[in-house]
Amino acid sequence: MSTQTHLLLPRTLLIKSPKKIPPSKQRFTITSNQLIHGRKLRAAVIGGGPAGSCAADALACGGIETFLIERSPAGAKPCGGAIPLCMLNEFSIPLDLIDRKVTQMKIISPSNLTVDFGKTLKSHEYIAMLRREVLDSYLRSRAQSNGANLVTALFTHLEVPGSIYDPYIVHYNVNGSKHSIEADVVIGADGANSRVAISIDAGDYKCAIAFQERIKLPEEKMDYYRNLAEMYVGNDISPDFYGWVFPKCDHVAVGTGTVSSKQDIKLYQRGIRDRVRKKIDGGKVIKVEAHPIPEHPRPMRVRGRVALVGDSAGYVTKCSGEGIYFAAKSGRMCGEAIVNASMNGKRMINEEDLKREYLKKWDEKYITTFRFLDLLQKVFYGSNAGREALVELCGDEYVQKMTFDSYLYKKIAAGDRWEDVKMVFSTFGSLIRANIIGQETAVFIALWGAVFIALWGLDILGRGEVGLVGR
Ligand SMILES: Cc1cc2nc3c(=O)[nH]c(=O)nc-3n(C[C@H](O)[C@H](O)[C@H](O)COP(=O)(O)OP(=O)(O)OC[C@H]3O[C@@H](n4cnc5c(N)ncnc54)[C@H](O)[C@@H]3O)c2cc1C
């Protein structure tokens, strides 16, 4: 197999052939990191979605020699494109990239009980809807203008070095011809079908499949969705997820997803279309797209000097299917971790650095949230009775406030303890009415829930970062 180096790459990236060792047999036990002479630490980021672009941006800003490999910069990731308000500030996203500011949200039960879910939003609050082609291209260009080298290429595989001092060899194709570069550290940001994860034997995760049609509506129908998003739940739409209608610039995205019954995804798509038929009648399908959504973090997210971020690591919340913010955030956290551990590219880094500076900090911040939303999905999305209970509960203004505050700002809202206790009881009230759990079990769990919240309020248990919708 002939291997060509990329013509644009500096000498430091030319290849020598290290001894190959299967990833699972690698052991990296270095304790003090060597200084690098005559050059900076070299990082290859695979995948130029939000995770990869934000990682590359942080690396390049921190003085690391950064290569961002993206197979199709002009492509559009299949996605609803909803992002929380805090992401705009945190990632300095220009407001003119936003297609729609959603200030109204309806959630519709299997029996068509409809609840207005955005009643507690303040006048300056909204969910931002963007097209991914617009957002991704902006984030990638920013990384480039901060010094990352964008390589338009298909990453094929990673050669793992035999020692802690040797580089990784990153192989990729440009228009069918083979190239490779050396890198000291690699970030896998190549999404749910991550080849980087395969290259380091990171293990598998369960995936949902999400299906979406972009439908251009007649003007008067589009007007209805001007600032409105809808979520539909029911066995007709998904056995374990929800269906959505999200407004875009001149069209709506109508979609659904499922983990347990992927072969029936088109049936469920017909289900959501049937439910919204009157509102989208006369519309024209302009695009059909589908993509996997990870269900859990991967068993392994760091191995050697390789770290996974975003969908590649499995950072999508259950219940809401939210992944854009977590992709950008994990990419940035991982990039900054490498910058810190390498003292702005002056020292080599190792597996322990990545685990301490990136993985540990990520898990401390978000793992509780992911587990909590996993639990909610099991309770509320498993049956039509559970879904009716969910919609009923969403009618409660306190539940709405806590949910939106957590979703929009990605930090726990200062709640009211008594309202928290009432929320626990009304949750179980809804579950009893929907026959999800028996009365005695509910009272028992609710009492314990109330005690937990009271202790939590006294700061005896400390405060986690949880909310009903993703963060
Ligand atoms: C239908 C659908 C709707 C969704 N709606 C929402 C929503 O409304 N809000 C939300 O927050 N989340 C949503 N998500 C989840 C969200 O899309 C993902 O969590 C997010 O895109 C993850 O970003 P990422 O950068 O990790 O991966 P991706 O966005 O998947 O980016 C990976 C990048 O890597 C590139 N790549 C892949 N393989 C290679 C390779 N071999 N070589 C080179 N480049 C490669 C790809 O081209 C891509 O640009 C939705 C997902 C789906 C499927």
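Start with helix α11, residues 384-394. Gly386, Arg387, Glu388, Ala389, Leu390, Val391, Glu392, Leu393 and Cys394 are buried there. Buried means that 20 or more other C-beta atoms lie within 10 Å of the residue's own; exposed means 12 or fewer, and partly exposed is in between, with C-beta atoms placed from the backbone. Helices here are DSSP runs of H or I, at least four residues; strands are runs of E, at least two; both are numbered from the N terminus.

A word on the model. It is predicted: local features need pLDDT of at least 70, side-chain atom pairs count only at pLDDT 80 or more, and totals for chains, interfaces and linings use all residues. Numbering runs from 1 along each chain as its sequence is written.

Now confidence. pLDDT is the predictor's confidence in each residue, from 0 to 100. The chain mean is 86, and 80% of the residues reach 70 or more. Two stretches stay under 50. Residues 1-19 are one, with 26 contacts beyond four places in sequence. Residues 27-31 are another, with six such contacts. A contact means C-beta atoms, placed from the backbone, within 7 Å. Where pLDDT is low, the predicted coordinates should not be read in detail.

Next, the ligand. Its shell has 40 residues; the closest are Gly47, Gly49, Gly80, Gly310 and Gly323. To be near, a residue needs its C-beta atom, placed from the backbone, within 6 Å. What is the shell made of? There are 17 nonpolar, 16 polar and seven charged residues. Ala, Val, Leu, Ile, Met, Phe, Trp, Tyr, Cys and Pro count as nonpolar; Asp, Glu, Lys and Arg as charged; the others, Gly among them, as polar. Elements that each supply at least two shell residues include α1 (50-61), β14 (207-216) and α9 (324-341). Domain 1 and domain 2 both give residues to the shell, so the ligand lies between them. The domain bounds come from an automatic or database assignment.

On to the core. The largest nonpolar core has 124 residues. Such a core is a set of buried Ala, Val, Leu, Ile, Met, Phe, Trp, Tyr and Cys residues joined through C-beta atoms within 7 Å. Val45, Ala55 and Val186 have the most contacts inside it. Helix α9 gives the largest share, eleven residues. Beyond four places in sequence, Val45 touches Ala55, Phe67 and Ile187, among others.

Last, Leu150. It sits in strand β9, residues 149-152. Leu150 is partly exposed because it has 19 C-beta neighbours inside 10 Å.
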